[in-house]
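Take a look at the picture first, then read on.

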Amino acid sequence: ELIVARQTDEDSLAGLASDVDGIMTCWAEVSEAVIAAAPKCQIVSRLGVGLDNIDVDYCTRNKILVTFYFGSLLTLLGFIAVYVLAQRQQEFQSPHQ
């Protein structure tokens, strides 16, 4: 499911983040408070160049992948989907394999 934020203030973003696996932004500030409100978050990605609007230090301390992408949005969504599915596959593999 893709959740689109209509408001980009910190409280609104944190309120939307509680059940997300990843956060994608263009211009919105993704602060420590927003990322901390997303306990399942595995990746924060910027659609554009630079990471100045993402709290990279917080992500690094919490082993959350941070990326930026300046190409096609559909390609980025594909990369994120493959990453999340690969992580989920590990959860569903039997320990007896």
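Find L51 first: it sits in the loop that links β2 to α3 (56-61). Helices (DSSP H or I runs of at least four residues) and strands (E runs of at least two) are numbered from the N terminus. Keep in mind that this is a predicted model, where local features need pLDDT of at least 70, side-chain atom pairs count only at pLDDT 80 or more, and totals for chains, interfaces and linings use all residues. Residues are numbered from 1 along each chain as its sequence is written, and side-chain values use heavy atoms, with hydrogens and water left out.

**L51 and its surroundings**

- L51 is partly exposed, with a relative accessible area of 29%; buried means under 20%, exposed over 50%, and partly exposed in between (1.4 Å probe, protein chains only).
- Leaving aside residues up to four places away in sequence, L51 touches R46, V56, V66, T67 and F68, where a contact means heavy atoms within 4.5 Å.
- Take T67 from that list: L51 and T67 are 16 residues apart in sequence, and their C-alpha atoms are 7.9 Å apart in space.

**The whole chain**

- The protein chain has 4 helices and 3 strands, and from the N terminus on they run α-β-α-β-α-β-α.
- Of the 97 residues in the protein chain, 29% are buried.
- If you take contacts between residues at least 6 apart in sequence, 25% of them join residues at least 24 apart.

**The sheet**

- The 3 strands form an open sheet in the order β1-β2-β3, with parallel pairing; two strands pair if DSSP finds at least two bridges between them.
- At the edges you'll find β1 (22-25) and β3 (65-69), each pairing on one side only.
- β1 pairs with β2 (residues 43-47) in the parallel sense over 4 bridges, and I23 stands opposite V44 in β2.
- Strands of a sheet pair through backbone hydrogen bonds, either parallel or antiparallel.

**The largest pocket**

- A pocket here is an open set of points on a 1 Å grid over the protein atoms alone, where a 1.4 Å probe fits, with protein on both sides within 12 Å along at least five of seven lines; lining residues have an atom within 4 Å of a point.
- The largest pocket is lined by 27 residues, and the closest to its centre are L2, I3, G22, I23 and M24.
- α1 (10-16), β1 and α4 (73-92) each supply at least two lining residues, with α4 giving the most, 5 residues.
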